[in-house]
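Thank you all for coming; I would like to take a few minutes to walk through one structure with you. Please have the display open while I talk.

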Amino acid sequence: MDLFVIIALLVIVSAFFSYINARFTKLPGTIGIVLIATISSVIILITDKSNPASARFLTTLAKNINFSKVLLNIMLGFLLFSSSFNLDGEKLKKAMRPVFILSTLGVILSTTIFGFLLFYLAPFFHIHMPLIYCFLFGALVSPTDPVAVSAIIKNSKLPVHLETIISGESLFNDAVGLVLFVIILQITQVGEENIELAKVIMLIVKEVLGGIAAGAILGYLAQRLMKSVTDFQTIVLISLALVMGLSVLATILHFSIPLAVVTAGLFAGSHSINQDNKERSHEALEKFWQLIDELLNTILFVMIGLQLINLPYVNNYWVTGGISIVMILIARWFSIMLPLTFLRHTLKINYSNINIMTWAGLRGGISIALALSLPNTPYRHLILSGSYFIVIFSVIVQGLTLNAMINRAAKST
């Protein structure tokens, strides 16, 4: 199918689902769109068996989208830049300690806890997976998805400090999760005995420091260029060029795309480009990137829902999906509780807050994209199906019930 036709059909389907949600179901945008797209996929899978012609349109569309490449190589940069550009830099500075701890130590703890839980408890449900693949599964579902998180909590009643911590953590922990994923994937391919510690350390340093340095340097240059002109069209083009240029550069030099664009977004967003009181270019640019964020969010979550068409074997893994959901919630709770226990007096974070942060830690397209990028192994379908269950549960169930949990916590204090 022609690329333009794929894009056109995807936009048409996204507009249709968005209209159905806004006109009839009236759920929060992200949740409603994922729900409608998922239900549509289920209907298509059912009707495709009896009447393949009636389901050909969406089936063809879903199968012609390379979800992993589209998200990781194209959409991710725009979505992360938008979230970081519009994040309040002053609030983030105040919450930097818990954000840093949760986005690093928290992800490592979650990956480890999830891996051990799956390895030791899954055999009771007749599910057997080597420990290294359990850790690989944990690495791709442990980072919270910044796209899903920002889409859900912007309409929630989260306390400001918790919202800042959760948003900041979701922006940075993708880089840690991606590095963990790459390292563990290499171990599965070459064996633990063939992994060289020096190469692992160099990979981490290159991904992390390279991404931060590239984002800071190009973000600074772009911000200076935008500040030197008043033509808004030129300012928008510079910001678009910044995101695209960083994505291409990071891909070529093997830097972390998430860290590069988030660093650039935070730098550009925290320095005003307004020339004088009459010019409001910075505020207009914020609105532009908010619009980009909302449009791409809609398209992304339609794609997530339609991925079910590409996973017809998912109906064989209900047990795997169910226990994976429970285990990732347990791993998430402990990965927050353990590090923040030492900071709870200075941060004033209690166990009710930890429950909220656990439930607000949503997974999204990145987990599915990483799972789809796995090579063909006996465990690929198991991991991919489990990831899909976790993502759908977190967006729909956790997203719909988050405010109720927040209200209960507020009444109990």
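This is a predicted model: local features need pLDDT of at least 70, side-chain atom pairs count only at pLDDT 80 or more; totals for chains, interfaces and linings use all residues.

Let me begin with helix 6, which covers residues 96-121, and helix 7, which covers residues 131-141; their axes are 8 Å apart and the packing angle is about 135°. The crossing of helix 6 past helix 7 is right-handed. If you want to follow this on the screen, the helix 6 side consists of Thr-111, Thr-112, Phe-114, Gly-115, Phe-116, Leu-118 and Phe-119, and these meet Leu-131, Cys-134, Phe-135, Phe-137, Gly-138, Ala-139 and Val-141 of helix 7. Sorted by class, that contact holds 10 nonpolar and 4 polar residues, with no charged ones.

In the loop that joins helix 6 to helix 7 we find His-126, which has a positive phi of about 60° despite not being a glycine. His-126 is exposed, its relative accessible area being 71%.

Helix 7 also packs against helix 9, and here the axes are again given as 8 Å apart, with an angle of about 160°. Because angles over 145 degrees count as roughly antiparallel, that is the description that applies to helix 7 and helix 9. This crossing is left-handed. From helix 7 the contributors are Ile-132, Tyr-133, Phe-135, Leu-136, Ala-139 and Leu-140, while helix 9 brings Gly-177, Leu-180, Phe-181, Ile-184, Leu-185, Ile-187 and Thr-188. That contact comprises 11 nonpolar residues and 2 polar ones, and no charged residue takes part.

Helix 8 contributes Pro-146, Val-149 and Ile-153, and helix 9 contributes Glu-163, Ile-166, Ser-167, Ser-170, Leu-171 and Asp-174. In this contact there are 5 nonpolar, 2 polar and 2 charged residues.

Let me now move to helix 13, residues 281-306, where His-282 is located. Is His-282 buried or exposed? With a relative accessible area of 6%, His-282 is buried. A polar atom of the His-282 side chain lies 3.3 Å from the backbone oxygen of Gly-269. Leaving aside residues up to four places away in sequence, His-282 touches Phe-85, Ala-268, Gly-269, His-271, Ser-272, Ile-273 and Asn-274.

Lys-287 belongs to helix 13 as well, but this lysine counts as exposed, at 61% relative accessibility. Its C-alpha atom is separated by 8.9 Å from that of Asn-86, although Lys-287 and Asn-86 are 201 residues apart along the chain.

Finally, I would point you to Lys-26, in the loop between helix 1 (3-25) and helix 2 (29-50). The phi of Lys-26 is near 55°, a positive value in a residue other than glycine, and Lys-26 is exposed, with a relative accessible area of 61%.

Terms used:
Residues are numbered from 1 along each chain as its sequence is written. Side-chain values use heavy atoms; hydrogens and water are left out. Contact means heavy atoms within 4.5 Å. Helices (H or I, at least four residues) and strands (E, at least two) are DSSP runs, numbered from the N terminus. Ala, Val, Leu, Ile, Met, Phe, Trp, Tyr, Cys and Pro count as nonpolar, Asp, Glu, Lys and Arg as charged, and the others, Gly among them, as polar. Buried means under 20% relative accessible area, exposed over 50%, partly exposed in between (1.4 Å probe, protein chains only). A polar contact is a pair of N or O atoms within 3.5 Å; within protein, one must be able to donate a hydrogen and the other to accept it, and residues adjacent in sequence count only if both atoms are side-chain atoms. Axes are lines fitted to C-alpha atoms, for helices over the stretch in contact, and angles run from 0 to 180 degrees between N-to-C directions. A crossing is left-handed if the near helix is turned anticlockwise from the far one by less than a right angle, and right-handed if clockwise. Angles under 35 degrees count as roughly parallel, over 145 as roughly antiparallel, 65 to 115 as roughly perpendicular and the rest as oblique.
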